[in-house]
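Hi,

Here is the structure I promised to pass on.

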Amino acid sequence: MISLAGRDILHGWGKFVFTGLGLGLLIGVTLTMAGVYRGMVDDARALLDNSGAELWVVQQDTLGPYAESSSVHDDVWRSIAGIEGVARAANITYLTMQVRQTGPGARDVRAMVVGVTPDGPGHPGQPVHLLAGRHLTRGHYEAVADIATGFALGERIRIRRNEYTVVGLTRRMVSSGGDPMVFIPLKDAQEAQFLKDNDAIVRQRARTAQNPALNRPGVPGLLDAVIASQSTNPYVNAVLVQLAPGYDPERVAEPIRRWLRLTVYTRAQMEEILVAKLIATSARQIAMFLVILAVVSAAIVAFIIYTLTLGKIREIAVLKLIGTRNRTIAAMILQQAVGLGLIGFVVGKIAATFWAPAFPKYVLLETGDTVRALVAVLAICVLASVLAIRAALRVDPAEAIGG
Amino acid sequence: MSGIRIEGLRKRYGSGDTAVDALKHVDMAVAPGEVVGLIGPSGSGKSTLLKCLGAVIEPSAGRMTLGGETIYDQGWKIRDLRALRRDRIGFVFQAPYLIPFLDVLDNVALLPMLAGRPNAEARRRALELLDALDVAHRARAMPSQLSGGEQQRVAIARALVSRPPVILADEPTAPLDSERALGVIRILNRMAREYATAIIVVTHDEKIIPTFRRIYHIRDGRTDEEAGEGRSIE
């Protein structure tokens with residue numbers, strides 16, 4: 001049996017290819033939007049995986065360092081390390097800020113600065129894999145940066161008042177917001193996060209000295225002690241915990257919650273916070289875009305197929321007059337719609353694959369999403385062809401005779 | 001006589017006070033191998049008669065016999081009118097209305113293909129007809145690459161490909177000059193004889209009217225038969 005749709009497409013291939021190209025770019029945008037969402041979820045999981053933690057100990061009644069402000073004393077980790085089932089515990093700080101590259105071509109990079117205890121790989125909070133250089137080994141002024149920052153080994157970067165040398169490069173270490181990470185020693189990070197600038201310190205000291213409750217003539221050393229306490233920064237955002245083999249996370253978390261009065265999250269709970277709470281609004285936003293793009297795609301396919309069909313009304317009337325079955329005519333229109341959708345899908349997939357790496361945030365194009373998109377495109381094309389098929393089936397074969 | 005026979009055919013549009021009798025009483029008989037003219041002024045009912053003969057609209061009363069079989073007698077006697085049109089009635093229009101995205105060969109072979117014949121057989125039969133109509137050399141051309149006369153010959157081949165007992169030609173020479181118009185009539189006469197087909201040509205064309213041996217005049221929904229000049233065009 002001859003394929004009327006195939007012949008029509010071959011006859012007017014330019015029209016179909018260019019229309020498919022336009023549709024394909026739209027489908028490419030749709031695939032990319034889905035990829036942006038997948039990338040956000042993957043970034044969140046990578047953040048948790050790369051932290052090397054199995055438990056997150058945070059300030060009571062907060063959602064932890066990624067979703068809310070949290071501060072716990074920096075000596076709590078010792079108590080946690082002594083609890084049965086804890087293999088290693090380490091302080092960590094997170095602060096998203098502008099990091100300035102110094103020297104020629106100086107530029108600012110938005111990054112999440114992570115304060116970690118200098119140690120080797122496998123230690124909680126340390127980057128898991130290095131592409132070049134080494135891990136943090138000194139207590140101050142060293143940094144390990146994600147390659148997405150654009151920093152190179154040996155470069156100097158400025159964080160608040162201090163300069164750091166980039167000693168290692170890592171990859172796929174990003175915040176839940178997609179900002180690349182810069183790891184620096186914990187003490188420096190605490191200072192960067194909590195320490196005030198010199199002018200503010202001078203003003204605070206003056207205020208403290210003017211406070212009669214803190215500057216009593218009969219209590220020597222009190223003012224110095226108060227000022228000293230104001231100048232120290234004994235807080236971190238969380239304590240990351242690795243468990244000894246064979247221990248259940250919930251069983252280890254329970255005494256920390258009970259005796260240290262802190263909130264503890266397991267990996268599953270933290271993933272729930274990141275995926276279900278932190279990126280939920282973004283996910284809904286993207287879902288709205290996907291729905292709108294799907295509707296626009298359907299409208300475009302419907303309009304194009306309807307217009308193409310109206311342009312063939314006389315031929316359809318002749319086909320019906322000479323005895324062509326309605327289902328043959330419907331199949332022709334349906335095949336053209338599906339053909340247009342397939343051209344669009346192939347163009348869209350290729351376009352999305354090529355432009356995804358150019359996006360500033362990670363775009364993850366999953367095979368499952370591609371298959372789902374193909375099914376959706378075909379379903380949309382079938383639905384979109386209904387209008388044209390109805391118009392074609394309403395054509396009176398008598399129109400071919402005229403009069 | 002086989003061919004086509006029509007007796008007392010009527011067609012009424014609407015009902016009540018607004019009813020219009022487009023055909024009041026039509027009698028026609030065309031034998032196999034015969035070409036007759038059907039002429040009449042605008043609004044006389046030519047197109048309505050053609051649509052009734054083509055099983056596109058249902059008459060209101062009367063009787064129609066095609067190839068010896070009654071297809072209408074106060075109602076359709078054939079269930080599948082689409083198959084009737086496909087297999088037993090050929091159509092030639094004022095404009096050729098070839099399918100623009102099929103080449104000449106497949107335009108002609110389309111009907112037997114749609115009827116379920118193997119593509120090779122359908123194309124072989126189409127090629128024979130194109131050869132008989134002197135357009136076989138354009139078999140792989142697209143319709144837009146043909147002249148008007150060539151397109152009309154291809155349209156005639158398409159009408160003949162199912163070997164129908166009757167062909168309805170609706171002003172087939174209207175867009176053609178005298179020479180080409182007479183050429184088309186010559187072909188229709190030859191094909192009618194060779195394929196034993198009854199051909200009814202609806203026309204206003206003064207150039208070709210003298211070529212018919214028999215002419216049906218349709219006026220006010222009624223037909224009158226008269227002898228034509230039957231001028232030789234061979």
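Let me start with a helix pair in chain A: helix 9 of chain A and helix 11 of chain A cross in a right-handed way. Before you read anything into that, keep in mind that this is a predicted model.

A quick reminder of the convention: a packed pair of helices is described by the angle between the axes and the distance between them. For helix 9 (residues 280-310) of chain A and helix 11 (residues 326-355) of chain A, the angle is about 135° and the axes are 10 Å apart. Angles over 145 degrees would count as roughly antiparallel and 65 to 115 as roughly perpendicular, so helix 9 of chain A and helix 11 of chain A end up oblique to each other.

As for who touches whom, helix 9 of chain A brings Val301(A), Ile304(A), Ile305(A), Leu308(A) and Thr309(A), while helix 11 of chain A answers with Ile333(A), Gln336(A), Ala337(A), Leu340(A) and Gly341(A). By type, the residues in this contact of helix 9 with helix 11 of chain A split into 7 nonpolar and 3 polar, with no charged.

Helix 11 of chain A also packs with helix 1 (residues 4-11) of chain A, at an angle of about 50° and with the axes 8 Å apart. Helix 1 of chain A and helix 11 of chain A are therefore oblique too, and the crossing is right-handed. Here Leu4(A), Ala5(A), Asp8(A) and Ile9(A) from helix 1 of chain A meet Met332(A), Gln335(A), Gln336(A) and Gly339(A) from helix 11 of chain A. This contact of helix 1 with helix 11 of chain A has 4 nonpolar residues, 3 polar and 1 charged. You will spot Gln336(A) in the contact with helix 9 of chain A and again in the one with helix 1 of chain A.

Now for chain B. DSSP gives chain B 6 helices and 10 strands. Its radius of gyration is 17 Å, which agrees with the value near 17 Å for a compact globule of 234 residues. Along the principal axes, the C-alpha atoms of chain B fill a box of roughly 55 × 40 × 35 Å. Buried residues are 49% of the 234 in chain B. Of the contacts in chain B with a separation of 6 or more, 69% link residues 24 or more positions apart.

And where the chains meet? The contact draws 26 residues from chain B and 20 residues from chain A. On the chain B side, helix 1 (46-53), helix 2 (81-88) and helix 3 (104-114) each supply at least two residues. That side of chain B consists of 15 nonpolar, 4 polar and 7 charged residues.

Cheers

Definitions and conventions:
Residues are numbered from 1 along each chain as its sequence is written. Chains are lettered from A and ligands numbered from 1 in the order in which they are written. This is a predicted model: local features need pLDDT of at least 70, side-chain atom pairs count only at pLDDT 80 or more; totals for chains, interfaces and linings use all residues. Two residues are in contact if their C-beta atoms, placed from the backbone, lie within 7 Å. Helices (H or I, at least four residues) and strands (E, at least two) are DSSP runs, numbered from the N terminus. Ala, Val, Leu, Ile, Met, Phe, Trp, Tyr, Cys and Pro count as nonpolar, Asp, Glu, Lys and Arg as charged, and the others, Gly among them, as polar. The radius of gyration is taken over C-alpha atoms; the globule rule is 2.2 Å times the number of residues to the power 0.38. A residue is buried if 20 or more other C-beta atoms lie within 10 Å of its own, exposed if 12 or fewer, and partly exposed in between; C-beta atoms are placed from the backbone. Axes are lines fitted to C-alpha atoms, for helices over the stretch in contact, and angles run from 0 to 180 degrees between N-to-C directions. Angles under 35 degrees count as roughly parallel, over 145 as roughly antiparallel, 65 to 115 as roughly perpendicular and the rest as oblique. A crossing is left-handed if the near helix is turned anticlockwise from the far one by less than a right angle, and right-handed if clockwise.
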